[in-house]
Amino acid sequence: MKLLVTFSRKKMREPIIARVVKETGVLVCIDRAQIDSAAGEVLIDVPDKEATYISERMRAMGAQVRILENAIIRDENECVDCGACISICPREVFTFDEEWKLQVSEERCVLCRRCVLACPHHALSQQE
Amino acid sequence: MEKSIHSINEKIRDGSVHVITADRMPAIVQELGEEGALREVDVVTTGTFGAMCSSGAFFNFGHSDPPLKMEHLWLNDVEAYGGIAAVDAYLGATEQSTTRGESYGGAHVLEDFVSGGSVELRAISRGTDCYPRRNITTDLHLEDLNQAVMVNPRNAYQRYNAATNTTDRTLFTYMGMLLPGCGNLTYSGAGALAPLPNDPNLRTIGSGIPIFLGGAKGMVIGEGTQHSPATGFATLMVTGDLKQMSPDFLRAATMYGYGATLYVGVGAAIPILDVDMVRSTAITDDQITVSVIDYGIPQRDRPALRSVTYADLKSGKVELRGEEVRTSPLSSYRKALQVATTLKTWVEKGEFTIALPTRHLDRTMRSRPLRETKRTPRVREIMDRQVVSVTEDELIRTAAEKLLKGETNHIPVLDRVGKLVGIVTTYDVSKAVLRPEKGGLVRDIMTRRVIRTTPEETVDIAAQKLEKNNISALPVVDSEDHVIGMLTAIDLGKLFGGRWQS
């Protein structure tokens, strides 16, 4: 399960991810991280059964945590199943089925936004 | 055995015609043999659905009261060409909106019209005795126009070269997003399902034949622009009534960084007259070869990295420079199948009969590049040949002295054999003074990834490099990486000062 962790670095300069991993012993995979002097946004992948526990621990340390669902929204009216998104996606979110219809495995998405730019039909958007 | 176009049309009229989509033909020939397939199949329908930039429509708006000669006009702020009589205009698909940038263009106006939307027409004129009015603004629906005739100068390419990018930055092209280091590959076209590959000798596809265009019945006008059958890149010029078209088969698109384009569905119904037509419609994707072109080279004749077939491209992965690279179609094969299937249904229901060309398309043409009568300035002609350089193992202080003495802000850094290995700017030297801990030699502070140019590169491309990378000087290197000059923003100024003579 993917968790989007956001935190302010003004209030807190704690190494929260490292600390939570150490405390809980749960190995998290960092899919994407954007951290500057003011704030951080980190996308982590955790085992489903540990997601609640990890979220609670992180919240206790002052971070905001939410489960990332439907990361990529595909507008079926706009999509023409061209497949321009397929080869630019770093996580192979997009594939064709046997009838050349585009399939979206949004659970693999790491919010890089490449497909949002690349879609010729503006059919893809990212949940904010 | 041979079949006549009349006998096929008879069967269409009495409902006994046997139509298949082109993707099924190879299996039928395999099963029944060529003669068997000829007896069995009367019509093969083809289809393609992809970005076709060379598309647009003629409009006749009708006259206002008092009347106005629309000399300059805009539809939803997209300019249309008004230099044809008073209220006729042509709107091209790639024309960009003056207010909404590349996300809205002529293609979007066409889609808005076809979807039943309202489009604002704005037109101006200087006013004449016969057309006294000077401006007009009005909201129009497609049904309000006298005519809306799609005329696409170049559609339905026989095949199209695939695209990749060997440079180290992402390119945004009309072939879509191309990731650095051959990170992906894009291609266009429906391969063996598309109209022209099924009739490469142009026997049945030619002027005057009815076709599927944008969901309506259209017609082939003749050879498309850049028609190049001699090199395997035939194209079609097509027309159809926009009022009959459907947004299912006409879609506006934006290629990020390139601009607007129109996705058009085009299909032809090919009569199976003889064994030759059986053979040509039995074509498969592995028989259609294209080159993989490096769009990282900013030249017209871009190098080909290898050739591939549509079967390779459609497999989703292609090997490039020893690595597996994922492919993206830009056309929709699913929609192309829908085009071919819809056309099949039309023929089966007797709504679409076949005609042979009233005039055959040229089979020998070869597209040529532009004849350029004015020389494009090259870097060699304006570069500064006085090169002040340092070597990587010299002291930063030496670089500072040379910068001052040479009255320049950039010094190329050479290795022991004189090859370019870095660049040092006054900024780097200033930083080194404040942070001496990084080391005292030029190699400790130089930028190693040097954006460079060559003497034969055109000045436009060099200027684009400066702008894209936000830098103000480029070392000019020969084929052995020896620095033979420097090109700075000041040198570019020479072009405007008249010192460069054409």
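This is a predicted model: local features need pLDDT of at least 70, side-chain atom pairs count only at pLDDT 80 or more; totals for chains, interfaces and linings use all residues.
Q: Which residue forms a salt bridge with B:Asp393?

A: Here is the general idea: side chains of opposite charge can pair when their charged atoms come close. In this structure the partner is B:Arg416, with the closest N and O atoms 3.6 Å apart. B:Arg416 sits in the loop between strand 28 (410-414) and strand 29 (420-425) of chain B, while B:Asp393 is in the loop between strand 27 (390-391) and helix 8 (396-405), so the pair ties together parts 23 residues apart in sequence. B:Arg416 counts as exposed, at 77% relative accessibility.

Q: How far apart in the chain are the partners B:Asp274 and B:Arg203?

A: The side chains of B:Asp274 and B:Arg203 form a salt bridge at 2.7 Å, N to O. The two are 71 residues apart and link distant parts of the chain: B:Asp274 is in the loop between strand 22 (269-271) and helix 4 (275-281) of chain B, and B:Arg203 in the loop between strand 16 (185-187) and strand 17 (210-213). B:Asp274 counts as buried at 12% relative accessibility, and B:Arg203 as partly exposed at 28%.

Q: How many salt bridges does the structure hold over all chains, and how many are between chain B and chain A?

A: The total over all chains is 32, and the count between chain B and chain A is two. A:Glu92 and B:Arg326 form a salt bridge, at 3.9 Å from N to O. There is also a network to look for: salt bridges with shared partners join A:Arg74, A:Glu76, A:Asp81, A:Lys101 and B:Arg334.

Q: What area do chain B and chain A bury between them?

A: The size of an interface is often given as the accessible area lost when the parts come together. Here the figure is about 2100 Å², 57% of it on carbon and sulfur atoms. On the chain B side, B:Met177, B:Arg326 and B:Arg334 lose the most area to chain A, together 32% of what that side buries. In terms of contacts, 26 residues of chain B meet 26 residues of chain A.

Q: Which elements of chain B supply at least two residues of the side that touches chain A?

A: Let's go from polar contacts to secondary structure. There are 15 residue pairs in polar contact between the chains. Strand 20 (250-255), strand 26 (323-329) and helix 6 (333-348) of chain B each supply at least two residues of the side touching chain A. Strand 20 gives the largest share, five residues. By class, this side of chain B has 13 nonpolar, eight polar and five charged residues.

Terms used
Residues are numbered from 1 along each chain as its sequence is written. Chains are lettered from A and ligands numbered from 1 in the order in which they are written. Side-chain values use heavy atoms; hydrogens and water are left out. Contact means heavy atoms within 4.5 Å. Buried area is the accessible area (1.4 Å probe) that two parts lose on being put together, summed over both. A salt bridge is a side-chain nitrogen of Lys or Arg within 4 Å of a carboxyl oxygen of Asp or Glu. A polar contact is a pair of N or O atoms within 3.5 Å; within protein, one must be able to donate a hydrogen and the other to accept it, and residues adjacent in sequence count only if both atoms are side-chain atoms. Helices (H or I, at least four residues) and strands (E, at least two) are DSSP runs, numbered from the N terminus. Ala, Val, Leu, Ile, Met, Phe, Trp, Tyr, Cys and Pro count as nonpolar, Asp, Glu, Lys and Arg as charged, and the others, Gly among them, as polar. Buried means under 20% relative accessible area, exposed over 50%, partly exposed in between (1.4 Å probe, protein chains only).
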